[in-house]
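Thanks for coming. Please have the display open.

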Amino acid sequence: MMTVSGGTGCSCGAPARAGAPGAPLGGDGGSGGSGPAARVEPAPQARRAHSIEQARIPGGSFVMGDSSGDGLAADGELPLHRVELEGFSIDATAVTNADFARFAEATGYETEAELFGVSAVFHLAVAAPREDITGAVPGAPWWYGVAGADWRHPGGRLSSLDGLDDHPVVHVSWNDAAAYCRWAGRRLPTEAEWEYAARGGLAARKYPWGDEEPDAEGGPTGQGWRVNIWQGEFPRLNTREDGWATTAPVRSYEPNGYGLWQPVGNVWEWCADWFDAAYYRSSPVADPPGPGEGATRVLRGGSYLCHVSYCNRYRNSARSQNTPDSSMGNAGFRTVALGGDRAPA
């Protein structure tokens, strides 16, 4: 049976790998021990290979979880709880196609989408012959399994990365993101680090810029849009009022108070943690690492497919999940420096 990440009614939720139409079963839900990505272990390289600007996040505490009343119970955004974090450095932007290309060229790494031969593409973004479409997802027919869709061909084999060097890489699984981190001498952010950084120093606010809605008058674009999400009637009509149908360049709109560009909208971002909807009830106060085990990994931030009528997960506290071997056209990642490179408190 098809499973869809993000809970019932989430437009951004892509099918899990094991349920993708025409896709073979993925790994066992682990950290890469049996999936195709485990066949390649990129050797760590000099850190200069990772050239993304860093946002220095000071140590401190914040209240984690949904304080707006918009959270969904199944996602586990409650209870509100205080978290204390050491300072750290995080990418100011998501990893781009150009960044990921340097990794792939240096190591010969093949993503799980490439090895499985299929990935999830939103129906209006498909650029592939009809025979490459392996089927729509029951319950979420806007998602297609597309043979030949991968990070180099985000819409399918008739698409390319022409003009997309500065867009976030997509069709990368959690395992692929972790492999990039091993090569670059970095790691994925914990879920707590991600939310703290996304808030940009603003306490108990819904979005990285505050509580104003994304289309509130006075936004950084002439039309007021502050983020790349869906406008129009989902899933058939996207009016592109924010300027983009799918991904936007990573430095679109305005950075938050800590200097992070687009922590919400544009693409979902993989976090280090296993997902557990009950974790907030017992998570430690200091530097919570996430559950010790699980079946799915956390995704944060929402994507260009989010629309308030279906998926309002473009909020600071919103959570989603998918299996570590799943890939889709609206998920990428950003990385964090290892412990020795933490920001001062």
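Aspartate 132 counts as buried, at 8% relative accessibility. This is a predicted model, so that figure, like the others, is computed from predicted coordinates. Aspartate 132 makes a salt bridge with arginine 157, with 2.3 Å between the closest N and O atoms. Arginine 157 is in the loop between strand 7 and helix 3, and aspartate 132 is in the loop between strand 5 and strand 6, 25 residues apart. Arginine 157 counts as partly exposed, with a relative accessibility of 46%.

Strand 6 and strand 7, the latter covering residues 140–147, are antiparallel and joined by four bridges. In that pairing alanine 136 has tyrosine 144 of strand 7 as its bridge partner.

Back to salt bridges. How many does the structure hold? There are 19 salt bridges. One of them joins arginine 315 to glutamate 77, with the closest N and O atoms 2.9 Å apart. Arginine 315 sits in the loop between strand 12 and strand 13, and glutamate 77 in the loop between strand 2 and strand 3, so this pair ties together parts that are 238 residues apart in sequence. Are these two residues buried or exposed? Both arginine 315 and glutamate 77 are buried.

Another salt bridge is between arginine 186 and aspartate 91, at 3.2 Å from N to O. This one also links distant parts of the chain: arginine 186 belongs to strand 8 and aspartate 91 to strand 4, 95 residues apart. Aspartate 91 is buried, with a relative accessible area of 0%, and arginine 186 is buried at 12%. There is also a network of salt bridges that links Glu191, Glu195, Arg199, Arg300 and Arg319.

Next, strand 11. Six of its seven residues are buried. Strand 11 runs parallel to strand 14, residues 331–332, and two bridges join them; tryptophan 268 is opposite alanine 331 there. With strand 12, residues 297–300, strand 11 pairs in the antiparallel sense over three bridges, and tryptophan 274 stands opposite arginine 297.

In the loop between strand 10 and strand 11 is tryptophan 261. Tryptophan 261 has a relative accessible area of 16%, and because the cut-off for buried is under 20%, it counts as buried. Leaving out residues up to four places away in sequence, tryptophan 261 touches several residues, including Ala92, Thr93, Tyr253, Pro255 and Arg334.

On to helix 1, residues 97–107. Which of its residues are buried? They are Asn97, Asp99, Phe100, Ala101, Phe103 and Ala104. Helix 3, residues 174–184, is included in what covers them. Just after helix 1, glycine 108 has a positive phi of about 75°.

On the surface, Val63, Leu78 and Leu80 form a nonpolar patch with about 250 Å² of accessible area together. Leucine 78 is in the loop between strand 2 and strand 3.

Last, the whole chain. The chain has four helices and 15 strands, and 58% of its 345 residues count as buried. Of the contacts between residues at least 6 apart in sequence, 74% join residues at least 24 apart. The chain exposes about 13200 Å², and carbon and sulfur atoms supply 51% of that.

Conventions: Residues numbered from 1 in each chain as written. Predicted model: local features only at pLDDT ≥ 70, side-chain atom pairs only at ≥ 80, totals over all residues. Heavy atoms only, no water. Pairing = 2+ DSSP bridges. Buried < 20%, exposed > 50% of the residue type's maximum accessible area, 1.4 Å probe, protein only. Contact = heavy atoms within 4.5 Å. Areas by Shrake-Rupley, 256 points an atom, 1.4 Å probe, with all protein chains shown as cover. Patch = residues over 30% accessible without salt bridge, like charges linked within 9 Å, V, L, I, M, F, W, Y side chains within 5 Å. Salt bridge = Lys/Arg side-chain N within 4 Å of Asp/Glu carboxyl O.
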